[in-house]
Amino acid sequence: MPTQAERKRAQTRVKPNVVARKSGKRKSSTFGAFTWEVLAFALLIAAASLGYHYFNQDKAAPEAATPAPAKGVTQEDFNAKVKEEAPRAPYTIPDTSAFTVIEIPGKGKGAIATRDIKQGELVLREGPLFTIPKAIKGNPTEPIMQKIIQLTGEEQEAFFNLSYVNFPEHLSPQAHVAQLALAIFQTNAVSTGPEEVGIFPSMARLNHGCSSAFNVVYMWRPEEQSLVVHALKDVKKGEELITTYTNTKKTRDQRRAFLQQHYGFHCTCAVCSLPDDLSKASDERLTTISSLYEKFAAWGREEIDGAEAVEIIRQIWRIEDEEGYTSERGSLSADAAWIAASHSE
Ligand SMILES: C[S@@+](CC[C@H](N)C(=O)[O-])C[C@H]1O[C@@H](n2cnc3c(N)ncnc32)[C@H](O)[C@@H]1O
């Protein structure tokens, strides 16, 4: 177990050159070429030391305390699983020729289309830098750090270059690397199926928009162990590629509260920026869609028949059309087909 002095040395050796934007809470760790050359080796060694530090304390340091899910994988389970796992596949830099990542006022970095993209086109296919189980008992910084120390220097650079929010104000990113890793993870991780959540450095540059304001959708393909991003609409060269971070069938106030809390920004997407009367109409549509989905669930409980269920799907489809919210057409069509098949007798 490292001594206090060794821990201190390990912490001060790690100096991700974190630049805090003055205007907001969003922060981005930037590694300039020179900085990184100097720090790459130190980061690898120090991350390993910190990994050791975090795995060898009885309990996490107070500053690393994070909400612990009641149920989930224990650290012992996780360690055993990591040991069992075949050597991890190296991260392959994906083809990102459909977009370029640049600074976007008020949003940090974002992805801009480098050419016209057709609805339905594949925009990105990316494997994870790493994944961890969704539900972990105890301190989630531990499995995150455990995965980070297995990465190459370049992969660590890709991770630590990602933006983050909700990093405790009283901590220093240079001195609290595990906590920094947690903030980066929480700001950028996406679900890879029911049990895991992962980091995809290119996909992580996609900013958020609500209901009709997003133009790309992503999906985890377990058989390919890849995340795929497709255009939901035609996207013109120079337009920003925008995904959505949440179920946006909520009112503007509810969406903004969620996004502020989890992603640290006040949403001013095209839908959130509507004048109050139009925003109210949009809220009403989204609330109606949500309650229609609740009604639709009654079909699964055999409380409504197939004809009623299909009628609800029609209504949802029509209202989503009015809202310009087209991302659910696939699942609505599948539901309708499922109902038809179930009642075919
Ligand atoms: C997954 S990252 C997206 C890429 C990020 N902008 C960057 O610089 O790497 C999520 C963060 O991006 C910012 N962001 C995403 N969508 C935004 C939006 N519509 N308006 C303002 N900031 C946004 C927030 O700071 C959020 O925590």
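Me: Are Phe214 and Tyr325 buried or exposed?
Reply: In this predicted model, Phe214 and Tyr325 are both buried.

Me: And how are the two rings arranged, edge-to-face or stacked?
Reply: Among the ten aromatic pairs that a search of the whole structure finds, the one formed by Phe214 and Tyr325 is edge-to-face, with 6.2 Å from centre to centre and 85° between the planes.

Me: Where in the chain do Phe214 and Tyr325 come from?
Reply: They link distant parts of the chain, 111 residues apart, since Phe214 sits in the loop between β10 (207-208) and β11 (216-221), while Tyr325 belongs to the loop between α9 and α10.

Me: What does Thr326 touch?
Reply: Leaving aside residues up to four places away in sequence, Thr326 touches Leu232 and Lys233. Thr326 is also found in the loop between α9 (306-323) and α10 (329-342), and its C-alpha lies 9.7 Å from that of Phe214, although 112 residues separate the two in sequence.

Me: Switching topic, which residues have the most contacts inside the largest nonpolar core?
Reply: That core has 27 residues, and the ones with the most contacts inside it are Phe130, Ile144, Ile148, Phe159, Phe160, Phe185 and Ile199. At least two core residues come from each of β6 (130-133), α4 (141-148), α5 (153-160), α6 (177-188) and β9 (196-199), and the largest share, eight residues, is supplied by α6. Another core, of 18 residues, lies apart from it and includes Ile117, Val190, Val216 and Leu227.

Me: Which Phe residues form one aromatic cluster?
Reply: Phe130, Phe159, Phe160 and Phe185 make up one aromatic cluster.

Me: How many residues of α4 are buried?
Reply: Eight of its eight residues are buried, and these include Glu142, Gln146 and Lys147 as well as Ile144 and Ile148.

Me: Where does UniProt place the SET domain?
Reply: The unreviewed UniProt entry puts it at residues 97-246, a span that is 19% helix and 31% strand, with its end C-alpha atoms 26 Å apart.

Me: And what about the chain as a whole, how many helices and strands are there?
Reply: The chain has ten helices and 13 strands, and buried residues make up 46% of its 345 residues. Of the contacts with a separation of 6 or more, 70% are between residues 24 or more positions apart.

Me: Last one, what does the charged end of Lys250 sit over?
Reply: It sits over the ring of Phe258, at 5.0 Å from the centre of that ring.

Terms used
Residues are numbered from 1 along each chain as its sequence is written. This is a predicted model: local features need pLDDT of at least 70, side-chain atom pairs count only at pLDDT 80 or more; totals for chains, interfaces and linings use all residues. Side-chain values use heavy atoms; hydrogens and water are left out. A nonpolar core is a set of buried Ala, Val, Leu, Ile, Met, Phe, Trp, Tyr and Cys residues joined through side-chain atoms within 4.5 Å. Buried means under 20% relative accessible area, exposed over 50%, partly exposed in between (1.4 Å probe, protein chains only). Helices (H or I, at least four residues) and strands (E, at least two) are DSSP runs, numbered from the N terminus. UniProt positions are given in the numbering used here, feature names are shortened, and annotations may be inferred rather than shown by experiment. Contact means heavy atoms within 4.5 Å. Rings of Phe, Tyr and Trp (its six-membered ring) pair if their centres lie within 6.5 Å; planes under 30 degrees apart count as stacked, over 60 as edge-to-face and the rest as tilted. A charge sits over a ring if NZ of Lys or CZ of Arg is within 6 Å of the ring centre and within 35 degrees of the ring normal.
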